[in-house]
Amino acid sequence: MAAFGSGAFGALPRSGPAERVAISGGGLCGWLAACLLARHLPHLRIVVHPASADEETRPDRSLGVPLAAEVLLPGDLEHIAAAGLRGGDLIRHCRGSFMLGTALTGWRAAGGPAFVPFGEIGAPLGPVPFHQIVAAARARGHDVNMANYALGALCAQTGRFAPPRSDDASVLSTLSFGLAVESDALRRLLRDDALAHGVQHGEAVADPASLCAAADLVIDARGAPEAWSENGGEQGGEDWSALMPFDRALVAKRAEPGTPPPPPPPYAHLSALAEGWQGFVPLAGAMTETLVFAAAAPPAEVTGALPEAHRLAPGRSATAWQGAIVRMGAAAQQHDPVAGLQLHLALADVVRLIALFPANADCAVEAAEYNRQWRERSDCAFDYTVLRLARNGAKGAVWDRLRAAALPHRTAYRHDLYAANGRIALHDGEVFETPGWVMQFEALGIRPRRPDALAMTVPDMAITAHFEAIRKAMLAGVAKLPPHGAVLAEVCA
């Protein structure tokens, strides 16, 4: 690995304020960085340089696969709002739709659909977490569908939704939601906002290192390299293809029929196929589709479309901030998009840089802390993505090979701990907290072999009464909500 400040990555001057920022890459990741930096740190002089003269005509790979729609997680909306951007604008200008979670089909051996909602599940019973109460009930012979006690799942099932009010003390205050947005429209919105806040257009530059002479800090937002083991001349990058073996993706967007078209469902849908997986993310008036597979064994129906497929190269750089250059989005890491984290990880990169932005160009300490936090978030996203791909019950030879593959110790430990006793191993930098992990395991058909000892001390009658009270409160709350389509129409009016 090149030393900090080496010529390969651009040496920083050791004095003076850090005010000049150059961004290499005018895709969604680059304009996201420009927009938020300009809003939070208005003293910066920011210039966005396209990676090539024809960048506008090429697919935008700055986040990874150029998906037609991206998803903002619930926590992402807080960062967007903190920058002064409004969710209503994203809905109006980016064909946005509220998102309550993801439906999964074909991912567990027992068959049947599953739902991974955003937000809380049920409610604890005294000191016992809800999912441990469910495990105890199942150990006593009760058939419990955990999604029946998740507000997001009930709203998705009924098509009812309203953003929770901060002053609402009812069960509806626990509802958590994200947004689905059209990728190209979001890039244009961020670009226009950045330009309105003083960001400048620059000339096309292929090599970010060439920008170091005129900038205090350079953001590389060009997208993933051809090979992670030699990322921009840096040794030590990681290739994840053994556990994320799908290397091609086809993307499409089609208009929904009807005048006006029906309101979009407030959730995404993922289907496990014999050769890979297929995902659908709804937008206002359109449905987007992604088909992910391995080029060596594509689905028979897409062999003629292979030249149109986008390349997917899962892996990450050895470090994100080196010298004067900060890699962001897919330039720093690329995951299989099965968990829908592309936009989230890029946004996390930008928010992290804003929090650690150096007062002057002597930024070795800030770079070290940025890299520590970046790796923690990357590790957590890796664990979540790999467990969905490699510990499911999907049918097909590729899935059999993934299930037989050895997992890294930390990833395997997460699985083994939950499969043993329902406990969740959380780390710094988590993308999802305990409910998100529990519902992921549930959707994959992974259940604890033995319930928590404390949960087993709760009388059966108390558990039944607890379930009934939660279900009654949730159903009554959901019944009061308007249809999802009516809320979207009101936002767009």
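Residues are numbered from 1 along each chain as its sequence is written, and side-chain values use heavy atoms, with hydrogens and water left out. Because this is a predicted model, local features need pLDDT of at least 70 and side-chain atom pairs count only at pLDDT 80 or more, while totals for chains, interfaces and linings use all residues.

**Around strand β16**

Strands here are DSSP runs of E with at least two residues, helices are runs of H or I with at least four residues, and both are numbered from the N terminus. Two strands pair if DSSP finds at least two bridges between them. Strand β16 covers residues 286-293, and seven of its eight residues are buried, so the rest of the structure largely encloses it. Buried means under 20% relative accessible area, exposed means over 50%, and partly exposed is in between, using a 1.4 Å probe and protein chains only.

β16 has β13 (residues 248-255) as an antiparallel partner, joined to it by eight bridges.

| Strand pair | Bridges | Direction |
|---|---|---|
| β13 and β16 | Eight | antiparallel |
| β18 and β21 | Two | antiparallel |

**A three-stranded sheet**

Elsewhere, an open sheet of three strands runs in the order β12-β18-β21, with antiparallel pairing. Its edge strands, β12 (238-239) and β21 (333-334), each pair on one side only. Strand β18 spans residues 315-316, and its R316 stands opposite Q333 in β21.

Helix α2 (residues 74-82) packs against helix α7 (residues 342-356) at about 40°, and their axes are 11 Å apart. Axes are lines fitted to C-alpha atoms, for helices over the stretch in contact, and angles run from 0 to 180 degrees between N-to-C directions. That angle makes α2 oblique to α7; under 35 degrees would be roughly parallel, over 145 roughly antiparallel and 65 to 115 roughly perpendicular, with the rest oblique. On the α2 side, D76, H79 and I80 make the contact, meeting H344, L347 and V351 of α7. Contact means heavy atoms within 4.5 Å.

**Cysteines**

How many disulfides are there? The count is zero, taking a disulfide as a pair of cysteine sulfur atoms within 2.5 Å. For C155, the closest cysteine sulfur is in C492, 19 Å away, which is too far for a bond. C155 is also buried, at 0% relative accessibility. C212 is in no disulfide either, with the sulfur of C363 nearest at 11 Å. C212 is buried too, with a relative accessible area of 10%.

Most residues other than glycine have a negative phi. R95 is not a glycine, yet its phi is positive, about 50°. R95 lies in the loop between α3 (87-93) and β4 (97-99), and at 29% relative accessibility it counts as partly exposed.
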